[in-house]
Amino acid sequence: MDKQQLWQRYQDWLYYHKGLGFYVDISRMGFDDQLVKELTPKFEKAFADMEALEAGAIANPDEGRMVGHYWLRAPELAPNEEARKEITEPLANIAQFVKKVHQGTIKPPTADKFTDILSVGIGGSALGPQFVAEALPSENPPMTIHFIDNTDPAGIDSTLKNIGDRLKSTLVLITTKSGGTPETRNGMLEVKHAYESKGLAFEPHAVAITMPGSKMDKIATDWLARFPMQDWVGGRTSELSAVGLLPAALQGINIDGMLIGAKEMDEATRVKDLKTNPAALLALAWYYSGNGKGEKDMVVLPYKDSLLLFSRYLQQLVMESLGKEKDLDGNTVYQGIAVYGNKGSTDQHAYVQQLREGVPNFFATFIEVLEDGRDTHFEIEPGVTSGDFLSGFLQGTRQALFENSRDSITITIPQVNPRTVGALIALYERAVSFYASLVNINAYHQPGVEAGKKMSASILDLQTKVQTVIQETSEALDIETLAAKAGSPDEVEFVYKIVRHLAANGRGVALAGDLTDLKTLKVSAS
Ligand SMILES: O=P(O)(O)OC[C@H]1O[C@H](O)[C@H](O)[C@@H](O)[C@@H]1O
């Protein structure tokens, strides 16, 4: 294609949302009219699936659940009064609670006001709040947010150290939809312990965001507050529920703007026409690129520092939704699209070398922000600003990739603001829904996650048995005998790793022998 034809293709396929000033350009994805024709019936089905989903169908058949995240920004569309209330009541309660926290009417027992937020959660209960906190920092934030999103003791300590004496004026949000995620439970117990070590009560600082009746909900009965998560909102699509809205509002972020932006994008992505529906355009581009089988990875390159965490957020949304072994008919399909990315132009100096010249197993998604976000324009060189460089690097990289047959999508927004962030979230939520329909999978469950969780639980059980054997045995044992005595003669490798970890942490276990010859190792109590 010559430059003139490309310019024509750009115009032919460019989507523009007038209200949001939001562009989606898939002209640099090499699909042709034939593919569009072939996919038309699949898109018709995707549009019909979406309509059914939004009307309250059991769109997550394995879990027997409705899928209602689109109602969060349009409660009037929820299928019944009960679901509508489940949205509007928490919204009103969040507004009231946040107002009182900011005013100091709701306050910690030993300080005048809450100054900090400590958010404890993982996966869908962390990634959205982290992305939004980074994307939309307030100029004078009423509160500063910190995150614990793992069960790593060093990470927990570092966050608590950062908070330091302000723990007494910190509001702790424990976010877990299921209420039973071990990392979050551990984080909660660690933070509770930190309060108690300082002679402070944890409960008046603690807020739970969880499903009513969950384990965490039951633990939290005497906490400062509880906000419900809806059964029909999945973790990875929960940013616009209490999960994302409460921490955002506490930080002074305009959550109504986020909801409005998402609602506007939802309206645009409800249009039953491929060419004028931006989420359908993304799904088409993804389908083309990976041959409907995820053969190419999605590299997300926002050219704006504040959007750094968007790729991490999308990683869960896309990979947990689309990465499935079985399709809806039970066929083995091994679907998915791998997502990674960081930010431009920084990545130009890291892995873009491989994108330009190496294995062509990806398509890029550039995210461009038109406004530089400055009132005054300092000129680095006559007539040229840092922002011009950033814009030039984006255009240059897109072109360099294209010239070497590397496809790309470009999304352009006027600014990073609550409305455009809400719209970005909604755009990708819908694109994932459409793509799942195109490839006939359930995007709303995550059966694969359970295997690792169960295995980890059984390793912790084994650890308890191993510790008991070591404590009750006076002589040193070799690993195989120890495994046998712990009742798991076949799990020698796990037993070895358990004692190695215990020994490294001075946890009552000593290892003697030659570490390069594990048969010589002797384990004893220390
Ligand atoms: O919010 P929670 O129930 O604690 O779940 C947190 C996360 O953990 C799970 O392993 C799921 O795979 C994720 O989809 C979820 O977002």
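Predicted model: local features only at pLDDT ≥ 70, side-chain atom pairs only at ≥ 80, totals over all residues.
Select Thr346. This residue counts as partly exposed, because its relative accessibility is 39% (buried is under 20% relative accessible area, exposed over 50%, partly exposed in between, with a 1.4 Å probe and protein chains only). Thr346 sits in the loop between strand S9 (339-341) and helix H12 (352-357). Helices (H or I, at least four residues) and strands (E, at least two) are DSSP runs numbered from the N terminus.

Residues are numbered from 1 along each chain as its sequence is written, and side-chain values use heavy atoms, with hydrogens and water left out.

**Next stop: two strands**

Select residues 116-120 and 144-148. These are S3 and S4, which pair in the parallel sense over five bridges (pairing takes at least two DSSP bridges). Look for Leu118: opposite stands His146 in S4. Then follow the chain from S3 through helix H4 (residues 127-135) to S4; this β-α-β crossover is right-handed. With the strands pointing away from the viewer, such a path from the first strand over the helix to the second runs clockwise.

**Next stop: aromatic rings**

Rings of Phe, Tyr and Trp (its six-membered ring) pair if their centres lie within 6.5 Å; planes under 30 degrees apart are stacked, over 60 edge-to-face, the rest tilted. The count comes to 20 aromatic pairs. Select Phe202 and Trp223. Their ring centres are 5.4 Å apart and their planes stand at 85 degrees, so this pair is edge-to-face. The pair links distant parts of the chain, 21 residues apart: Phe202 lies in the loop between helix H6 (182-197) and strand S6 (206-210), and Trp223 in the loop between helix H7 (215-219) and strand S7 (225-228). Phe202 is buried, at 0% relative accessible area. Trp223 is buried too, at 8%.

Now select Phe131, Trp286, Tyr287, Phe310, Tyr313, Tyr428 and Tyr435. Ring pairs link these residues into a cluster.

**Last stop: a lining**

Select H1 (3-13), S2 (22-25), H13 (386-403) and S11 (408-413). Each supplies at least two residues of the lining of the second largest pocket. H13 gives the most, with three residues.
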